[in-house]
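Here is a short briefing to read alongside the structure. Keep the 3D view open and follow each topic in turn.

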Amino acid sequence: MAFTLNVNGKTSTVDVPGDMPLLWVLRDVLNFKGTKFGCGIGQCGACTVHIGGNAVRACQTPVSKVSGRITTIEGLSPDGSHPVQVAWQEIDVPQCGYCQAGQIMSAAALLAQKPVPTDAEINTAMNGNLCRCGTYVRIREAIHRAATLSTQRSTSTAQQQGAQQ
């Protein structure tokens, strides 16, 4: 069956079974390899993408149920300048790196909804994103850093726009 998807701002039509998990459509059909297979049961978070701005597990989402724009780790920013990606590098979060795409996508969705989250809000939002290397302290620190970077970016943009008027 044919499905039209908007992935990272580009519309594509795929001819796949309706029950095929979005993860396999992204990786095997559309060649977006940043979204990882971890557990296949939606428990580890390695396959997290955004659909309509919400963090969802691509391994548990049938392509037939997708409505809304899909954003993968490749589409978060074209040059790695998203505040979460910058903070991840500054704090040196990854150890093995396997879970990091899902962690970053969950963190970005959190900050889009809660620009300055508390530790408790971070814990709730990141619950279910597993890191075998145990980098949870650095992940939390990077989310706080990304919130600061986002605030600085917003302030700088507003000041630039005000100066142009």
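In strand β4, R57 is the bridge partner of T48. That pair belongs to a hairpin built from β3 and β4. The model is predicted.

- Strand β3 covers residues 48-51, and strand β4 covers residues 54-57.
- The two strands run antiparallel and are joined by four bridges.
- Two residues lie between β3 and β4.
- G52 sits in the turn and has a positive phi of about 60 degrees.

- Strand β1 spans residues 2-7, and strand β2 spans residues 10-15.
- Their pairing is antiparallel, with six bridges.
- A2 stands opposite D15, a residue of β2.
- This hairpin has two residues between its strands.
- In the turn, N8 has a positive phi of about 55 degrees.
- As background, side chains in a regular strand alternate between the two faces of the sheet.

**Helices α2 and α3**

- Two packed helices are described by the angle between their axes and the distance between the axes.
- Helix α2 is residues 83-91, and helix α3 is residues 100-113.
- They pack at an angle of about 130 degrees, and their axes are 9 Å apart.
- That angle makes α2 oblique to α3.
- The crossing of α2 and α3 is right-handed.
- From α2, the residues that meet α3 are V84, Q85 and W88.
- From α3, the residues that meet α2 are Q100, Q103, I104, A107, A108 and L111.
- By class, this contact of α2 with α3 has six nonpolar residues, three polar residues and no charged ones.

**Helices α3 and α4**

- Helix α4 is residues 119-126.
- The axes of α3 and α4 come within 10 Å and cross at roughly 130 degrees.
- α3 and α4 are therefore oblique to each other.
- The crossing of α3 and α4 is right-handed.
- On the α3 side, Q103, S106, A107 and L110 make the contact.
- On the α4 side, the contact residues are E121, I122, A125 and M126.
- The residues in this contact of α3 with α4 divide into five nonpolar, two polar and one charged.

**Salt bridges**

- Side chains of opposite charge can pair when their charged atoms come close.
- How many salt bridges does the structure hold? There are three.
- One of them joins E90 and R145.
- The closest N and O atoms of E90 and R145 are 2.6 Å apart.
- E90 lies in helix α2 and R145 lies in helix α5 (residues 136-164), so the pair ties together parts that are 55 residues apart in sequence.

Technical notes. Residues are numbered from 1 along each chain as its sequence is written. This is a predicted model: local features need pLDDT of at least 70, side-chain atom pairs count only at pLDDT 80 or more; totals for chains, interfaces and linings use all residues. Side-chain values use heavy atoms; hydrogens and water are left out. Two strands pair if DSSP finds at least two bridges between them. Axes are lines fitted to C-alpha atoms, for helices over the stretch in contact, and angles run from 0 to 180 degrees between N-to-C directions. Angles under 35 degrees count as roughly parallel, over 145 as roughly antiparallel, 65 to 115 as roughly perpendicular and the rest as oblique. A crossing is left-handed if the near helix is turned anticlockwise from the far one by less than a right angle, and right-handed if clockwise. Contact means heavy atoms within 4.5 Å. Ala, Val, Leu, Ile, Met, Phe, Trp, Tyr, Cys and Pro count as nonpolar, Asp, Glu, Lys and Arg as charged, and the others, Gly among them, as polar. A salt bridge is a side-chain nitrogen of Lys or Arg within 4 Å of a carboxyl oxygen of Asp or Glu.
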